[in-house]
Amino acid sequence: MPACQFNTILCWLLFTLPIVSATNIRLMGGKTPYSGRVEVEHNGVWGTVCDDEFTVNSAKVVCRMLGFTDMGLAEVVPPRVFGPGSGVIMLDGLNCTGHEEDVANCSHNSWQTTDCSHKEDIGVNCQTHLRLTSGNAITIHDGQVEVNISGVWEPICSDNFTLSEARVVCGMIGFSFNGAQLTSSHTYRNTFSPISYSCHGAEKDISLCVRRNTSTCFLSSAASINCRTPIRLVNGTSSQSGRVEVEYRGRWGTICDDGFDDLEAKVICRMLGFSTNDAKALGGSNYGEGTGDIVVNEMRCIGNENDISECKSSDWMSQSNCKHMEDASVECKTEVRLSDGPTRYAGRLEIQNNSVWETVCSDLVDNKTAVVVCRMLGFEGGNISVYYDGRFKNGSGSMKSHGYDCQGNETDIANCKSTKTIVSCSTRLSAAFNCYSNTPIRLQDGTTMFNGRVEIYERENAANGYWREICYDQLTIQDAMVLCKMLGHPNVHPRTFNAYSQYNSYGRFSAMSSIGCTGNETDISGCTPSNQWALTYCSTSNRAAINCAQKSTVRVADGPSIKAGRVEILYNGTWLGICRQRLINYNYYDITAHDINIICKHLGYNQSGYLMSEVQPRSKSVVRNLDCSSTEGDISDCKSDTWGVEYPCDQAAIVCNSSVRLVNGSSERSGRVEVLHQGRWGTICADEFTNREAAVVCRKAGIRLWNASVLDDSPFGFGNHGNLLKNVSCKSSEHDIGECQSFPWNETSCVDGNVATVFCQVLETPIRLLGGKTPFDGRVELQFKNDWKPICYRGYNGKISTDVLCHLLEYNFSRDSTYTTNSDYSNSLLRDLQCVGNESDISLCPSSDWGYTYCSYYGLTINCLSPINIDGGFTQHGGYARVQKNGLSDYMCADNLTAETQAVMCKMLLNVTRVYEVVKEPYFKPGFATNILVDNILCSGTEEDYQMCPSSNWDYNTKCKNPALIRCNTPVRLTDQKNMYTGTVEVYLNKTWSNICFHPIRKDEHATMFCRMLGYNYGLANARNVTAYIKSNLNLTCNANTEDIDKCVSIKKSFCDSILAITCQKDELVG
């Protein structure tokens, strides 16, 4: 101190100016350089410091040496926290006052003189106590910032907390300050740290920032940050591959490949915003050796971490034996997908960029790009298609501003060169790929190679997949069009079926959802359904089948004309016959008119056809069990067994009907013969045209019973259509001109120029009615070829034909004839009877061909009489008469009812003829209220129908109140009446009223019968005898169930002394 006495200024400088530390010092083993085991350097050697006599004052000196100014933060950390060091123990007994600038200035033992072991190596923490916690914190590097002031943890208010402060905090807790991010806090607090900070961002501790006292926090939320590790890939083939480098403590370094595998690669790819799928780790400096520090060694990740700082590892920047030849590398696969297509391997190209999916302009890709994308998706070896038409829409994401220039051998699209940046996409359409544009499909259980149940192979990847089927109700014609193209049988009019109904084929595999084709696609994987193919449910009996066949080639061979012969179908280069019969419930039946009509349509004839006698077959290969429904568009749509199988059977030969007309004749039954062929009418040459040919013509002209003759010299002209047939030779029994030997069915010339002309004299067709109540009603039968047969009700046109039948029977009594069906159905003569109303014979009415026709409907019944019913009656013989005319039906008035009118009506009702007398009994049944349609019908008694009788107007214009009561039983009355229910019985027989002999044994039976006949309640009828004044009376033998005395066992004239009187129960007329 003597020097201070001589130089005051020098002493002031010594105590006030900071003294630069001459000793190097560091803290090791902590997360940051400012917290750890104390190590000092002396004479070029680093060593630890023993904890003997080491106090917080010594810690303050250490922190000052490291650049800290707030010594209040310095704290002593026990040896166990940072662990033992290695090498020499440099200082022991270090004891500072706290004001020193260098530990060398403190009291201590001689350098490297100690009795301590490394278990006593002391540690120091110079940093502000700070942590990330609470809030949204899910990792050690993410959370709200809290500081410990005076032993209490409090959050820092987010007011004015910027990225600069976040950088300082991240550096303090051992992360790179360059990875700092501000995050939002969802935790709201009432209390916060009273101190806030304003930093530049490069401070080593928040205590070195400007401090402000804060009394309020306006946002009421804590500052929250995320301290991410800065990481990059260097020297790779793209931004998604390369050597891994991390920034730590402001410097970039590498990661050692010890223990480094795909789990670590996954975390790094996630940090870089790339897909974690198939992330690949590479060692041995695959992308070259790095420089600088090897920051991380022995990294161990689970794979789901968001930052490598969450993984286990050796202390970052710790000593290791790694060299840069062991630098770790990573390849991050680009995440690509094909969207809005029917499958995972077809759709709009989308590429993930930092969790955002982007599309690519269709201008900027080609087939090589598609090859790379399909390889990335695991779909190799397919027939790849690139779609430039925007069929899968543009999607909702943004479009990349560049395209790709690939060689096709890249494993990732990121390895392709990027094409030039474009301002806009000229097509404005997104690129789309199909990795398997040739989907395997097949048809099962069909009858030909062109049809069957559809099975589709849905790929999972290049090696695997599953067979699927389609629900019948989800398959459209447009889908079928595409399927047929894929099968190599393109057809713009394919047919779809229920596989079970058409081919008796159940599904075998799971069903997939709708295909969604427009019909223009070449493969179903290029179709655009509303949703991607997925499994759906429908029963195995509801699977889709298709028929891709074009119109089948059909011919008739070895027949008498081009319209008749053995049926043959060309299939796979071979002509097949058709078996004449098919098996139904273990019995064989001829093929039907439906089958034949389909064949005729194939031959170009719109008319129906029929079977003819067998023609010798040529081919053993046949179509068995042909079953058409008449709705098919092609014969291959009909049900059958598999085509082309060899099977011995009688083969079908058919005739396709011709349309024949008689032109310019003197009546509809004569004229020049013209035949319709392929839409053109033509004549027949008269050469060798005889009555045999004329008979066939008359039959085809719709005349079924005739006497045919040929008229010479073309009396009805030659026509303007040209000659169609030159030579025709018939046996007269043929049903059609095509069944005759005939040719050429084309333009020809006649030898003498004359054309065939015929006269078809119509013969009368016998008609009868059977099983009716009267001769004028019943089941209709026609006589044809000496046999009586009914008419099938199927196709009957009703009233018009009924009137024609009644007219031909000469039963044209009524305008209101009726028709119905009966229960007699079997083989009928004809069906589809469609008279027009003016025919002179029933054979002239249009109908099916006459012959034995199976009728699945009831037979035809007609009634040529006017409708008549008796309502409210007591038996079938009596009641109130309901009549009809011109479709109006109601009751007639009782006031002018005559016995003659009653006789006509009773004959119509019961077909009984007797002399009637109107019994003067009450005609009105109490409670039977009705409308009166006609005042009077005045018959003479000889008419067959009341419509033949004169009458008043049928128009309800009447004042009559009581309906006419018709009694069709034997007239009966009571005389010597005590009242209307009691009296002596008289009956009207043989135009005479007679009494009835009293029979003591049968008296009650007779009383019951006569009460019933009178229309009274007969349940309590009783009889008594009275004296006969006239001895000749009627003696009856009847029983109680007899409804009329004409049904009695016997009626005889007899002499008797007593006659029958009765009393009927007093009641209304029995209804």
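These notebook entries record what I looked up in a predicted model of one protein chain.

**Entry 1: the whole chain**

I began with the secondary structure and found 14 helices and 68 strands in the protein chain. I then looked at the overall dimensions. The C-alpha atoms fill a box of roughly 195 × 95 × 50 Å along the principal axes. The radius of gyration is 58 Å, whereas a compact globule of 1071 residues would have a value near 31 Å.

I next turned to burial and surface. Buried residues account for 51% of the 1071 residues. The chain exposes about 49,500 Å², and carbon and sulfur atoms supply 47% of that area. Of the contacts between residues at least 6 apart in sequence, I noted that 70% join residues at least 24 apart.

For charge, I recorded 95 positive and 116 negative side chains. The centres of the two sets lie 8 Å apart.

**Entry 2: serine 514**

I located serine 514 in the loop between β31 (511–512) and β32 (535–536). Is this residue buried, exposed or partly exposed? Serine 514 has a relative accessible area of 29%, and because this value falls between the limits of 20% and 50%, the residue is partly exposed.

I also listed its neighbours. Leaving aside residues up to four places away in sequence, serine 514 touches Gln474, Pro529 and Trp533. Aspartate 479 is 35 residues from serine 514 along the chain, and their C-alpha atoms are separated by 8.8 Å.

**Entry 3: disulfides**

Cysteine 730 and cysteine 740 form a disulfide with sulfur atoms 2.0 Å apart. The torsion about their S-S bond is about 110°, so this disulfide is right-handed. Both cysteines lie in the loop between β47 (723–729) and β48 (741–748), so the pair ties together parts that are 10 residues apart in sequence. Cysteine 730 is buried at 4% relative accessibility, and cysteine 740 is buried at 1%.

Cysteine 806 and cysteine 864 form another disulfide, again with sulfur atoms 2.0 Å apart. Which hand does this link have? Its torsion is about -95°, so the disulfide is left-handed. Cysteine 806 is in helix α12 (residues 799–808) and cysteine 864 is in the loop between β56 (859–863) and β57 (868–871), 58 residues apart. I noted that cysteine 806 and cysteine 864 are buried.

Cysteine 939 is joined to cysteine 949, S to S 2.0 Å. This link is right-handed, with 105° about the S-S bond. Cysteine 939 and cysteine 949 lie in the loop between β60 (932–934) and β61 (965–967). Cysteine 939 is buried at 8% relative accessible area, and cysteine 949 is buried at 6%.

Note on methods
Residues numbered from 1 in each chain as written. Predicted model: local features only at pLDDT ≥ 70, side-chain atom pairs only at ≥ 80, totals over all residues. Heavy atoms only, no water. Helix = DSSP H or I, 4+ residues; strand = E, 2+ residues; numbered from the N terminus. Rg over C-alpha atoms; globule rule 2.2 N^0.38 Å. Buried < 20%, exposed > 50% of the residue type's maximum accessible area, 1.4 Å probe, protein only. Contact = heavy atoms within 4.5 Å. Areas by Shrake-Rupley, 256 points an atom, 1.4 Å probe, with all protein chains shown as cover. Lys, Arg positive; Asp, Glu negative; His and termini not counted. Charge placed at Lys NZ, Arg CZ, Asp CG, Glu CD. Disulfide = S-S within 2.5 Å.
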